[in-house]
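Welcome, and please open your viewer. We will walk through one structure together, one selection at a time.

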Amino acid sequence: MNIIEVMRLPLSVDLSGFVHLLQRLQVPHRVSEEGDAQVLWAPDTLAADVRELYQRYPDGNADLELAQDPVGAGLPANSPTQPSLAEQAKACKVTTITLLLCFIVAGLTGLGDNFTTISWFTFLDFRVQGDYLYFSPLAQSLDQGQWWRLVSPMLLHFGVLHLAMNSLWYWELGKRIELRQGPWALLGLTLLFSLVSNLAQHYSSGPSLFGGLSGVLYGLLGHIWLYQWLAPDRYFNLPKGVLVMMLIWLVVCLSGVIDTLGLGQIANAAHVGGLLIGCLTGLLGGALARRKLSA
């Protein structure tokens, strides 16, 4: 099943009622913004039915008819009640590809055990001599055309738990942004948050070995948090416990408790840098979306 463009409408058209109708009918779909238009995406097998449904109920006011027709206004009775994992992966390609790259890099680097391959992805190139790592200056790597190092540390993970936790959170937060704002927005935000968090960690701790998606995750969290505050949308409606838990974890890490207990080094500057830039993009994006909706 392929996800295709079903309708393209001006941003001035209020799709919220129709989207809620699709949600009640449990029809897989997403809405993205592209320039001055909003695009509704759905499985190709349901495209014609969704168009017909919009013609009949553009405002989503189909409560009486739906009560009489539980199948849902012409939609096939065998419509999936909930998108499968494979269908979600197809609809959220950037989220899926990013996680696949993390898994591939985890295999190449042995989850942090293979220093030779780790050096391909670190912020600073390094060589191992005895028990020490000797890092090359960032300017030297950039002069050699190794620009990928500015963002590639997000693909590195050190241990199964590190990879599993970051992957689960990126899947949860990333697909929300991809479904709400589109794949290019998620790709741009991921690269931006990675760049800022890596720079923050580098200039905070100096030459060191760090990696993981956590800086990006705090960026995604900040973006969703403030975007939702300014322009509420069901995709960005995070449970309050998620935000509180991640902020508490940030404070715990900043307190130094994790380091004191010997549970590993935490890239605190990357977390804070990611959160701050995410809050900034959330403010800007949310303000722009709110302005478009009120226009």
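**The whole protein**

Keep everything displayed for a moment, and bear in mind that this is a predicted model. Colour by secondary structure to see 13 helices and 5 strands. Of the 295 residues in the protein, 48% are buried.

**First stop: α1 and α2**

Select residues 16–24, which form helix α1, and residues 47–56, which form helix α2. Their axes lie 11 Å apart, and the helices pack at an angle of about 130 degrees. An angle between 115 and 145 degrees is neither roughly perpendicular nor roughly antiparallel, so α1 and α2 are oblique to each other. Their crossing is right-handed. Now show side chains: Phe18, Leu21 and Leu22 of α1 meet Val50, Leu53 and Tyr54 of α2. What classes of residue make up the contact of α1 with α2? There are 6 nonpolar residues, with no polar and no charged ones.

**Second stop: α5 and α8**

Next, select residues 93–109 for α5 and residues 160–181 for α8. Here the axes are 8 Å apart and the packing angle is about 160 degrees. Because angles over 145 degrees count as roughly antiparallel, α5 is roughly antiparallel to α8. The crossing of α5 and α8 is right-handed. On the α5 side, the residues in contact include Leu99, Cys102, Phe103 and Ala106; on the α8 side, look for Leu163, Tyr170, Trp171 and Glu178, among others. Sorted by class, this contact has 8 nonpolar, 5 polar and 3 charged residues.

Move on to leucine 111, in the loop between α5 and α6. Check its backbone: phi is near 55 degrees, a positive value in a residue other than glycine. Leucine 111 is partly exposed, with a relative accessible area of 23%.

**Last stop: serine 119**

Finally, select serine 119, in the loop between α6 (115–118) and β4 (126–129). Is serine 119 buried or exposed? Its relative accessibility is 10%, and because buried means under 20%, serine 119 counts as buried. Zoom in on its side chain, which reaches the backbone oxygen of threonine 116 at 2.6 Å. Leaving aside residues up to four places away in sequence, serine 119 touches Asp125, Phe126 and Arg149.

Conventions
Residues are numbered from 1 along each chain as its sequence is written. This is a predicted model: local features need pLDDT of at least 70, side-chain atom pairs count only at pLDDT 80 or more; totals for chains, interfaces and linings use all residues. Side-chain values use heavy atoms; hydrogens and water are left out. Helices (H or I, at least four residues) and strands (E, at least two) are DSSP runs, numbered from the N terminus. Buried means under 20% relative accessible area, exposed over 50%, partly exposed in between (1.4 Å probe, protein chains only). A polar contact is a pair of N or O atoms within 3.5 Å; within protein, one must be able to donate a hydrogen and the other to accept it, and residues adjacent in sequence count only if both atoms are side-chain atoms. Contact means heavy atoms within 4.5 Å. Axes are lines fitted to C-alpha atoms, for helices over the stretch in contact, and angles run from 0 to 180 degrees between N-to-C directions. Angles under 35 degrees count as roughly parallel, over 145 as roughly antiparallel, 65 to 115 as roughly perpendicular and the rest as oblique. A crossing is left-handed if the near helix is turned anticlockwise from the far one by less than a right angle, and right-handed if clockwise. Ala, Val, Leu, Ile, Met, Phe, Trp, Tyr, Cys and Pro count as nonpolar, Asp, Glu, Lys and Arg as charged, and the others, Gly among them, as polar.
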